[in-house]
Amino acid sequence: MTWLITGGAGYIGAHVARVMTDAGERVLALDDLSAGYPARLPAEVPLVRGSSLDGDLLKRVFAEHEVTGVVHLAARKQVAESVAQPTRYYRENVGGLATLLDAVAEAGIRRLLFSSSAAVYGNPDVDLITERTPCAPVNPYGETKLAGEWLVRAAGQAHGIATVCLRYFNVAGAAAPELADTGVFNIVPMVFDRLTRDEAPRIFGDDYPTPDGTCVRDYIHVADLAEAHLAAVRRLSSADAGGDLTLNIGSGEGVSVRELIEVIGDVTGDRRTPLVEGRRPGDAPRAVASAELAARELGWTARRGVREMVESAWRGWQHHHGG
Ligand SMILES: NC(=O)c1ccc[n+]([C@@H]2O[C@H](COP(=O)([O-])OP(=O)(O)OC[C@H]3O[C@@H](n4cnc5c(N)ncnc54)[C@H](O)[C@@H]3O)[C@@H](O)[C@H]2O)c1
């Protein structure tokens, strides 16, 4: 099989490309480089520079490289931006997916993995979020991921494409410093950013109904996440692949914001006292995955802990930001 990874030069895409290549899969990447870096890709992975919104380009790439499966990660992913620019998010994340699925169907490709998000759930009031927990996204980004899942399943049924949707929880860490996330949109880089500016980390609300009053989240090391993609791709490649599968990809462990900041303090050696500010609208007290279905269906579970995640993210931060 030959797999096309859209968004392959991105933070997660480059990890997936590396894990798949190391495991002997034939891989190429398509990326418009709006947020990606070619240098992240392994030398043996060809990069096509272009957009997954370009149906003619996709058809050409599928034919020229005899693509037999697609891992679709290319998307816009910033919640605040999605609130400010909802039409752009629907156009690129949902409209772009429709273009991709048309090209996939026309090329006779029968395997597709879609990168979804825990944002599809919104803020459910449950201890562990299972795949049966009702989806109620609270921002346009989450809506586009949920609509994307619907579209993937419907097109899969219509065209006989076996599909897997992976709902990632809070992704952090790096398999190598040069692969690290360079954006400052998630809590780990946000805390690094504060410390680098000689400012105390911020905690938004410490009066939640959680053990230490701060929000609890499920953090997944990007190297574990990439291995989940390999397991899903292997399952899609198997002779009896068919139907659709939707899986949470998380560790199943809850870590509070205060606990995470303590680990960051240990790793960076900067243990200044966090500033406690008011709650942010829309933050759920707790969002932790049940990771049982992924274990059962893919034989995959997260292996790396929060400390390893933070250590690797810190090496990546220093690589990209000096210090
Ligand atoms: N990082 C997270 O915490 C997280 C959590 C849940 C889901 N996701 C999803 O995972 C996927 C990858 O996220 P990431 O963190 O690696 O983000 P990223 O921005 O680092 O990677 C996305 C890549 O896609 C490329 N891209 C964007 N639009 C494109 C287009 N139309 N055509 C071709 N390339 C395009 C960008 O240049 C970038 O290299 C996204 O679909 C995102 O929604 C990420």
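I looked up which element contributes most to the shell around the ligand: α1, with 3 residues. Helices (H or I, at least four residues) and strands (E, at least two) are DSSP runs, numbered from the N terminus. The model is predicted; local features need pLDDT of at least 70, side-chain atom pairs count only at pLDDT 80 or more, and totals for chains, interfaces and linings use all residues. Residues are numbered from 1 along each chain as its sequence is written. I found 28 residues around the ligand, the closest being Gly-7, Gly-10, Ile-12, Gly-36 and Ala-75; a residue is near if its C-beta atom, placed from the backbone, lies within 6 Å. At least two shell residues come from each of α1 (11-22), β2 (26-31), α4 (86-107) and β5 (111-117).

**Helix α4.** I checked the 22 residues of α4: the first and last C-alpha are 31 Å apart, close to the expected 32 Å, taken as 1.5 Å times one less than the number of residues. I noted a kink of about 25° centred on Gly-95, the bend being the angle between axes fitted to the seven residues ending there and the seven starting there. Gly-108 follows α4 with a positive phi, near 75°.

**Helix α8.** I looked up the buried residues of α8 and found Val-257, Leu-260, Ile-261 and Ile-264 (buried: 20 or more other C-beta atoms within 10 Å of the residue's own, C-beta atoms being placed from the backbone). They lie on the same side of α8, because their arc around the axis is only 100°, taken from the directions from the helix axis to the C-beta atoms. Gly-269 follows α8, and its phi is positive, near 80°.

Methods. Buried ≥ 20, exposed ≤ 12 C-beta atoms within 10 Å, placed from the backbone.
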